[in-house]
Amino acid sequence: MEPGYKDRSVEVEHTEVQRKSDSSVVASTFIKYAAYIIIFFGALFFLVKYVFPMF
């Protein structure tokens with residue numbers, strides 16, 4: 001042992017962080033962004049089908 005070594009007990013506390021995934025939040029977010037995509041492609045379809053042929 002080293003001469004400057006002192007015998008002492010040190011307690012180390014380990015904490016575990018667990019993320020709880022709420023499946024309802026994930027599902028509602030998926031539905032929200034799916035609706036955004038459907039609206040976006042609907043607007044593009046409207047532009048291509050009805051607005052662009054007028055020019």
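**Note on the aromatic residues and the surface**

1. Phe 46 is partly exposed, at a relative accessible area of 46%, and Tyr 50 is likewise partly exposed, at 48%. Buried here means under 20% relative accessible area, exposed over 50%, and partly exposed in between (1.4 Å probe, protein chains only). The model is predicted: local features need pLDDT of at least 70, side-chain atom pairs count only at pLDDT 80 or more, and totals for chains, interfaces and linings use all residues. Residues are numbered from 1 along each chain as its sequence is written, and side-chain values use heavy atoms, leaving out hydrogens and water.

2. Helix H1 covers residues 23–51 and contains Phe 45. Phe 45 counts as exposed because its relative accessibility is 53%.

3. Of the 55 residues of the chain, 0% count as buried. The chain exposes about 6200 Å², of which carbon and sulfur atoms supply 63% (Shrake-Rupley method, 1.4 Å probe; for residues, only the protein chains shown count as cover).

4. The whole structure holds three aromatic pairs (ring centres of Phe, Tyr or the six-membered ring of Trp within 6.5 Å; planes under 30 degrees apart are stacked, over 60 edge-to-face, the rest tilted). One of them, Phe 40 with Phe 41, is edge-to-face, at 5.5 Å centre to centre and 65° between the planes. Another, Phe 46 with Tyr 50, is tilted, at 5.7 Å and 40°; both residues lie in helix H1, four residues apart, about one turn of the helix.

5. Phe 41 is exposed, with a relative accessible area of 52%.

Notes: Helices (H or I, at least four residues) and strands (E, at least two) are DSSP runs, numbered from the N terminus.
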